[in-house]
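Please look over the chain shown below before reading on.

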Amino acid sequence: MKFENVLDEINGFGKFQIMIIGINFLGRFTLPCHFMLSNFVAAVPAHHCDIKSFDDEGIFKNLSWEEKLLVSIPVQQGGTPSSCQMFVEPQYHLLLLSSPNVTEMLTVSCQNGWVYDNTTFKSTITSEWDLVCDKRDKNKASATIFFIGVMFGAISFGSLSDRYGRRIMLLVSYISALIFAVASAFSTTYEMFAVLRFFTGFCITGIVIVSAVLSVEWVDVNHRKLVGVVDSFSWSIWNCVFPGIAYHITDWRWLILCVSSPLILSIITWRWMPESARWLIANGKFEQAQIHLKKCAKMNGAEESSPILSIETLATIIETKKTDQTYSYLDLIRTPKMRKIALSTGILWFCLATAYYGISFNIQGLGLSIYLTQFVYSLIELPAKGTVYYLLDKIGRRPTQMGALLCAAICLGINLVIPKDLSVPRTVVAVIGKGFSSASFSTVVLYCSELYPTVLRQNGFGYNSFMGRLGVALAPFILLLDEVWEKLPQLVLCLLALTGGLVARTLSETRNRFLPETIEDIEQQWKNKKPLS
């Protein structure tokens, strides 16, 4: 007997499942905010050298602010004051209209710090710790450090939730992410901020992988794709809200506190989150599974005393002798079919994440404010994900995954041949490509959850998330390849998207199939070449 037979008896998509999806929807609010936080907290305001040292109570004091800048700061090609250079001494001759702004042998690096334009941002970590000019690499590193934390957190929480349960690890993720995020808002040095951001990323990724698996494991076959799309929509919807919050809260410390505070609500609502009955049964905890299943039946208006909910019946879903076994990441490669699935999904996640974030980081020329740009990038994902909801059941998971990535590769290929001076067509094509990559992302979470058996599903999710975050961390470095050849970054991203699409072709279709429970289910399915249904 399969667990889906139990769900059919107690209504596999009723009020109980809607409650779980709703709790997870609210709990995922903070995810896109923290993932995109560096766009605002690490933003670089317009700046120039501090020239107060030139105030000698003489001529300089009587100049207007514009004149002070003219005689103190060399002018860049765009006509704006230099961000990192200043004159050794005031060049009063530049006040004459016929005198050019000559910088040869007269400039030095900023000697007394910088002055920042506070029009857009009241405070960022850039202005807080002067992460500009020779320290600009530290500014860029703040986002990378966060995603490295996410990468290692995916591996850790995937293994821990398979060993200790989904529910308890979700609470651990909520509490630890809140603690480290709030602590980072009170950082006194850049080093302290970087360390706390690493641990924030490490802990917050547990929310991503545990909540998604919990939702999938509680719904029936017909509604699994709905869960995947809702989880994906939650990212885009909250990402659309985030720019509005950042627009009104322009101090980086208060912004972190604001986007982290909803975790308090998540901790409160966690008390109503049930443990995965699939996981309990897979680990031989039949009495606890029975309690949660009866609660589900009661809330959904089904029969609580149904014979199918008896401990004896539940014990037939998975043989008792297998329940004492502890599974690890090594089990992903012990058997032929699992090894093939792990290799393929790992490559798929890496290629997809690199292409998605590579496109996101590389879109230029919209001419919008940073807040409006962030909003448009989030908004464009909604129609893409809405289309995925229709296609997942219409044509299946594998064609949707493969087609979306191949279309993203086509868009990247088109931009290889469009001249760089045609910024509008290039931007339109890039945005369309981002939509396709977003559609692929919304598919891959559900698809890979269905490919792995219950006993390894969280480990598989953790491993795949690790590979995806590795791609995210490498995406900025790929964009730096334009120093070798201007079109090399686009070519690399195009080839990665193409590779991901071809790898997706090698995976099995999971539409309308029962979720595999054990490794033996996977191997038997492969051996017999027939679906588990």
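This is a predicted model: local features need pLDDT of at least 70, side-chain atom pairs count only at pLDDT 80 or more; totals for chains, interfaces and linings use all residues.

Leaving aside residues up to four places away in sequence, Tyr 357 touches Phe 35, Met 36, Trp 235, Phe 441, Arg 469, Val 472 and Ala 475. As background, nonpolar side chains in soluble globular proteins tend to be buried together.

**The chain as a whole**

- The chain contains 23 helices and 4 strands, and its C-alpha atoms fill a box of roughly 95 × 50 × 35 Å along the principal axes.
- Of the 533 residues in the chain, 54% are buried.
- When contacts between residues at least 6 apart in sequence are considered, 79% of them join residues that are at least 24 apart.

**Helices that pack against each other**

- Helix H7 (residues 136–164) and helix H21 (residues 457–479) have axes 7 Å apart and pack at an angle of about 175°, which means that H7 is roughly antiparallel to H21.
- On the H7 side this contact involves residues including Phe 147, Val 150, Met 151 and Phe 152, while on the H21 side the residues include Tyr 463, Phe 466, Arg 469 and Leu 470.
- Sorted by class, the residues in the contact of H7 with H21 are 11 nonpolar, 7 polar and 3 charged.
- For helix H10 (residues 224–248) and helix H17 (residues 370–379), the axes come within 8 Å and cross at roughly 170°, so H10 is roughly antiparallel to H17.
- H10 contributes Ser 236, Asn 239, Cys 240, Pro 243, Ala 246 and Tyr 247 to this contact, and H17 contributes Tyr 371, Gln 374, Phe 375, Ser 378 and Leu 379.
- The contact of H10 with H17 is made up of 7 nonpolar and 4 polar residues, with no charged ones.

**One face of a helix**

- In helix H12 (residues 262–269), the buried residues are Leu 263, Ser 266 and Thr 269.
- Viewed down the axis of H12, these buried residues fall within an arc of 120°, and therefore they line one face of the helix.
- The partners against which the buried residues of H12 pack are helix H2 (15–27), helix H3 (30–35), helix H8 (166–184), helix H9 (190–218) and helix H11 (252–260).

**Single residues to look up**

- Most residues other than glycine have a negative phi.
- Val 424 belongs to helix H20 (residues 423–451) and is exposed, because its relative accessible area of 58% is over the cut-off of 50%.
- Between Val 424 and Ile 21 there are 403 residues of separation in sequence and 40 Å in space, taken from C-alpha to C-alpha.

Notes. Residues are numbered from 1 along each chain as its sequence is written. Side-chain values use heavy atoms; hydrogens and water are left out. Axes are lines fitted to C-alpha atoms, for helices over the stretch in contact, and angles run from 0 to 180 degrees between N-to-C directions. Helices (H or I, at least four residues) and strands (E, at least two) are DSSP runs, numbered from the N terminus. Angles under 35 degrees count as roughly parallel, over 145 as roughly antiparallel, 65 to 115 as roughly perpendicular and the rest as oblique. Contact means heavy atoms within 4.5 Å. Ala, Val, Leu, Ile, Met, Phe, Trp, Tyr, Cys and Pro count as nonpolar, Asp, Glu, Lys and Arg as charged, and the others, Gly among them, as polar. Buried means under 20% relative accessible area, exposed over 50%, partly exposed in between (1.4 Å probe, protein chains only). The arc is that of the directions from the helix axis to the C-beta atoms.
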